[in-house]
Amino acid sequence: MRAPARPVGDLLVENIGELCTPRGFTAPRGREAMGRVEVTEGAAVLVKAGRIEYAGPAAGLPAQAKAQAHEGRLARLDAGGRAVVPGFVDSHTHFVFAGHRAEEFLWRAEGLPYMEIHKRGGGIARSVTATRAASQEDLLALGRARLKTMLSLGVTTVEGKSGYGLDLETELRQLAVMAELDREGPVEVVPTFLGPHSIPGEFKGRPADYVDFVVKEVLPAVKAQGAAKFCDIFCEKGIFELEDSRRYLETAASLGFGLKVHADEIVALGGAGLAAELGAASADHLLKASEKDIGLMAKAGVVAGCLPLTAFTLREPYANARAMIDAGCALALASDLNPGSCYSQSIPLIFAIGVLYLGLSLPETLTALTLGGAASLGLESRLGSLEAGKDGDLLVLDAPSMAFLPYHAGMNLVRTVVKAGRIVV
Ligand code: NIG
Ligand code: FE
């Protein structure tokens, strides 16, 4: 799906005060794997043709690389004794949209519930109107600017969802924008089709008919264009309930798409259990997910996606990420950047909330934003940790240790961003 000729580089990162990385080429399931972050003092990382060839104590660096660097035949980056972590993977966003809903944010702040605004024709419908009216060029510019902000915060891989078109043409336009931005780089974009994000005005009160339309007319077109890796649905009471969700997800699976589910955000409908039953890559939100469904997700290897900035913005109790890890799930933390429920892509705030309010350790929080996010996208064998064989996606922090990530709360500590061995920030 991705353009094969992504630019890659050779780079030696030297003088790393603390190299902090999860380890593993598989999803970090459960407490031991999520908490396993290796910290190496006095480290170096060698990237060749975009891939990590060595990551570990500087003393162990291959002699040939040292010689090449010494002779000026290898680009060098002096980390100046600072901490280095893997590039962050934001595994759940809706970053391609037009317009804004700032006034709704203030209505909610005054106490109007999210679903009430939705029922009054506000909410997603307003972003759909604005996105349908936007040209591909407009959407490209908006998406590009948001990716630039994310990159400055250390995000080297982003999942993006359609779902502000709710018609064939606009859904495909959103996906085309993501493909174009992925080609442009340096941020890698993983596209997800979210046609059943809301019921469009044309199908008001007829969710099953809209799902029929999506299944019969939109999914095959998305498939024919190779425009998405995953298919997602807003499985929620009063929107797309279990029966419609199952029908859509089963069709998507039969066409070869990976599955994702917006599950159990507002009421405990059982979306997480459905995700487990269908072998989804992830179920996300999960504010109200039942203990039983969390257990089923762990068993089925469904990555638990928690979106703490959304709970923060909606002033809802956070998802029980602790229970999800303890039940044996891999956890991904992501921004959910979107114009409604969460207009923020603040990775720094996620670190602070993870450690202060989700009951997670710092290693677990770091893993959830790197290897856990990669696992949510099926990319854990290539991304999410700094080990020989993985892509050279890394961040030099403006801090001596990873503790500063939650400690310097809400502040951007990213000093240098490297994507596939190239310095991009
Ligand atoms: O993940 N819950 C549904 N979808 C988005 C919100 C979209 C919007 O409000 O525009 C979410 O939170
Ligand atoms: Fe979302």
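**Shell of ligand 1.** I sorted the shell around ligand 1 by class and got 4 nonpolar, 8 polar and 3 charged residues. For this sorting, Ala, Val, Leu, Ile, Met, Phe, Trp, Tyr, Cys and Pro count as nonpolar, Asp, Glu, Lys and Arg as charged, and the others, Gly among them, as polar. The model is predicted: local features need pLDDT of at least 70, side-chain atom pairs count only at pLDDT 80 or more, and totals for chains, interfaces and linings use all residues. Residues are numbered from 1 along each chain as written, chains are lettered from A and ligands numbered from 1 in written order, and side-chain values use heavy atoms, without hydrogens and water.

I listed 15 residues around ligand 1 (a heavy atom within 4 Å). The closest are Arg101, Tyr114, Tyr164, His197 and Ser341.

**Polar contacts of ligand 1.** I took pairs of N or O atoms within 3.5 Å. The side chain of Tyr114 has an N or O atom 2.5 Å from an oxygen atom of ligand 1. For Tyr164, a polar side-chain atom is 2.6 Å from an oxygen atom of the ligand. Glu265 places a side-chain N or O atom 3.1 Å from a nitrogen atom of ligand 1. I then checked cover: of the 330 Å² of accessible area that ligand 1 has on its own (Shrake-Rupley, 1.4 Å probe), the protein covers 100%.

**Iron site.** I looked up the donors (N, O and S atoms within 2.8 Å of the metal; water is not among the atoms, so sites may look incomplete). His92 (NE2), His94 (NE2), His262 (NE2) and Asp336 (OD) coordinate the iron ion, ligand 2, at 2.1 to 2.3 Å. Along the chain their spacing reads H-x1-H-x167-H-x73-D. His92 and His262 are 170 residues apart and link distant parts of the chain. His92 is in the loop between β6 (88-90) and α3 (102-109), and His262 is in strand β11 (residues 258-263). Helices (H or I, at least four residues) and strands (E, at least two) are DSSP runs, numbered from the N terminus.

**Backbone.** Most residues other than glycine have a negative phi, and most peptide bonds are trans. I noted a cis peptide bond from Gly185 to Pro186, with omega near -5°. Pro186 lies in the loop between α7 (168-184) and β8 (188-193). Leu166 has a positive phi, near 60°, and is in the loop between β7 (155-161) and α7.

Methods: Polar contact = N/O pair within 3.5 Å; in protein donor to acceptor, adjacent residues only side chain to side chain. Donors = N, O, S within 2.8 Å, 3.2 Å for Na, K, Ca; no water.
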